[in-house]
Amino acid sequence: MANVAVVILNYNGAQFLEQFLPSVIEHSQVAEVIIVDNASTDSSLKFLKGNYPDLRLIQFEENLGYTGGYNAAINQLDHDYCVLLNSDIEVTSNWIEPVVDYMEKNPDVAACQPKILDYNDKEKFEYAGASGGFIDTMGFPYCRGRVFDTLETDKGQYDNIAAITWATGACMFVRTTDFKKAGGFDVDFFAHMEEIDLCWRFRLMGRSLFCIPESRVYHVGGGTLNKINPRKTYLNFRNNLSLLFKNESSFNLLWKLPLKFGLDWAGAIKLGLSQSWGHSWAVLKAQVDFLIMLPKNMKKRKRINRTHVSKIQNSSFLLPYQYFVKGKNTFDKLHQKP
């Protein structure tokens with residue numbers, strides 16, 4: 001078995017550590033379990049030191065976010081593979097072995113994910129990753145098993161190993177050398193869509209990504225920022241613009257970026273009518289801050305390794321139109337032949 005680290009990033013998640021860490025330790029005997037604490041102020045450290053004194057603990061003096069926390073932690077590790085695991089995930093037996101075995105047999109693979117189901121409704125796919133991530137032509141993310149807020153029931157329809165466009169950050173198996181070579185996560189993302197940005201860079205390096213559904217985990221979701229929080233709306237819209245700008249070809253940006261702004265304005269109106277106008281303001285603020293960040297993102301764009309042309313796996317055309325107008329609310333419907 002390769003040298004594997006299961007790395008759990010924690011910020012004030014004592015209740016999740018108490019609930020899920022025992023199963024992680026039980027089912028991860030082939031790996032080293034490491035806790036990375038982002039300056040928690042709750043009882044997390046007391047719980048860990050009192051119950052798991054021999055567990056490796058990496059502590060930071062400030063909250064570095066998902067991106068900075070994992071970057072700083074993985075830079076200290078030399079394992080062959082790192083499994084980036086959210087603290088609110090229940091793992092199952094044999095969840096590590098099939099994924100690492102596949103990556104060992106396929107050295108061109110930079111990252112993989114398991115099948116992710118909803119902890120509170122275990123027959124449903126979970127929002128953050130389901131059975132593998134994709135993006136449409138405009139950078140809108142969706143999954144095998146989840147399109148926007150529509151979650152499919154798992155009937156085994158996506159149990160095949162599949163090439164994907166992005167692997168979820170909720171449970172990402174990553175080849176450590178590839179993570180470091182790609183520069184890790186973009187710390188300016190802080191949280192949300194950082195894994196899509198990283199996976200896009202992997203693909204520009206000529207690396208591939210897969211979902212291995214034989215491995216199965218259950219995710220609570222929304223443990224840090226739930227979907228009704230305008231802060232999450234802000235991060236999703238701002239970071240989506242940034243990942244498109246950083247990674248898309250110059251020719252495509254000429255028409256995609258203006259269209260993306262228009263689609264986001266439509267999204268702001270919809271969010272205002274269906275949830276609250278605080279979400280609308282979050283979308284507009286995201287666009288303003290994206291424009292402010294353009295000089296910095298331009299420098300990042302120039303540094304990206306573009307060894308290969310990145311082709312989006314099985315991309316759907318204009319996801320909002322397909323979903324809201326044509327009613328295609330499942331992955332199979334989006335990709336069915338005319």
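Buried means under 20% relative accessible area, exposed means over 50%, and partly exposed lies in between (1.4 Å probe, protein chains only).

This is a predicted model, in which local features need pLDDT of at least 70, side-chain atom pairs count only at pLDDT 80 or more, and totals for chains, interfaces and linings use all residues. Residues are numbered from 1 along each chain as its sequence is written, and side-chain values use heavy atoms, with hydrogens and water left out.

Most residues other than glycine have a negative phi. Phe190 is not a glycine, yet its phi is positive. Ala130 is not a glycine either, and its phi is also positive.

Helices (H or I, at least four residues) and strands (E, at least two) are DSSP runs, numbered from the N terminus.

**Strand β13**

Strand β13 covers residues 171–175, and five of its five residues are buried. In a regular strand the side chains alternate between the two faces of the sheet. Cys171, Phe173 and Arg175 point one way from β13. Met172 and Val174 point the other way.

Which strands pair with β13? Strand β4 (residues 81–86) is joined to β13 by five bridges, and the two run antiparallel. Here Tyr81 stands opposite Arg175. Strand β6 (residues 109–118) also runs antiparallel to β13, with two bridges between them. Cys112 stands opposite Phe173. Two strands pair if DSSP finds at least two bridges between them.

**Helices α7 and α9**

Two packed helices are described by the angle between their axes and the distance between the axes. Helix α7 (residues 230–247) and helix α9 (residues 277–292) pack at an angle of about 30°, with their axes 8 Å apart. Axes are lines fitted to C-alpha atoms, for helices over the stretch in contact, and angles run from 0 to 180 degrees between N-to-C directions.

Contact means heavy atoms within 4.5 Å. The α7 residues in the contact include Tyr234, Phe237 and Leu241. On the α9 side, Ala282, Val283 and Phe290 are among them. By class, the contact of α7 with α9 has nine nonpolar, five polar and three charged residues. Ala, Val, Leu, Ile, Met, Phe, Trp, Tyr, Cys and Pro count as nonpolar, Asp, Glu, Lys and Arg as charged, and the others, Gly among them, as polar.
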